[in-house]
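Open the model in a viewer and follow the stops below in order.

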Amino acid sequence: MAAADCPVGLRGLLTRWLLEISPGVFIGNPSARIREVLWDEVRKYTGKGRALLAYTTDNEQGYAFATHDHKWHPVDHEGLTLIHRPADRTPVRAPGRTAPGQAAPGQAASSRTTPGQAPDEQSARGWSKASKRRRFGSR
């Protein structure tokens, strides 16, 4: 079980049955009945926090999980439980694709300047070597 931004009292309750191996991360092997009681208490007392419960079970994946107040939700897909992550609002550009008027990574910017644009602004287009390494790694 993992709990984030939860009250200290809830962490104390969980440590009665589980071992807290890292702040907000609890492990243990309680019975199914105790697990359900603990999960009900977590959902009741999380406040503004969020929680995740993962446990072993007899299915194809070998485990099951539940979330509380997460942006990511478990979804059943043909018998498998997957996580649905909401789409990010900011578009992510694929490597090698550039915005209109921007030089591609590894290519020099065109030598033409647009009216009203100084020649030194032309060199600001494209990716620096350092930013390419940070974004795409050393390939």
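**Stop 1: the largest pocket**

Select Gly-28, Pro-30, Arg-35, Ala-54 and Tyr-55, which lie nearest the centre of the largest pocket, lined by 13 residues. A pocket here is an open set of points on a 1 Å grid over the protein atoms alone, where a 1.4 Å probe fits, with protein on both sides within 12 Å along at least five of seven lines; lining residues have an atom within 4 Å of a point. The model is predicted: local features need pLDDT of at least 70 and side-chain atom pairs pLDDT 80 or more, while totals for chains, interfaces and linings use all residues. Residues are numbered from 1 along each chain as its sequence is written, and side-chain values use heavy atoms, without hydrogens and water.

Next, colour β3 (25-27), α2 (32-45) and β4 (50-56), the elements that give two or more residues to this lining. β4 gives the most, with four residues. Helices (H or I, at least four residues) and strands (E, at least two) are DSSP runs, numbered from the N terminus.

**Stop 2: charges over rings**

Stay on Arg-35: its charged end sits over the ring of Tyr-55, 3.8 Å from the ring centre. The term requires NZ of Lys or CZ of Arg within 6 Å of the ring centre and within 35 degrees of the ring normal. Then select Arg-85, whose charged end sits over the ring of Trp-72, 5.2 Å from its centre.

**Stop 3: the aromatic pair**

The structure holds one aromatic pair. Select Tyr-63 and Phe-65: their rings are stacked, 6.3 Å centre to centre with 25 degrees between the planes. Rings of Phe, Tyr and Trp (its six-membered ring) pair if their centres lie within 6.5 Å, and planes under 30 degrees apart count as stacked, over 60 as edge-to-face and the rest as tilted.
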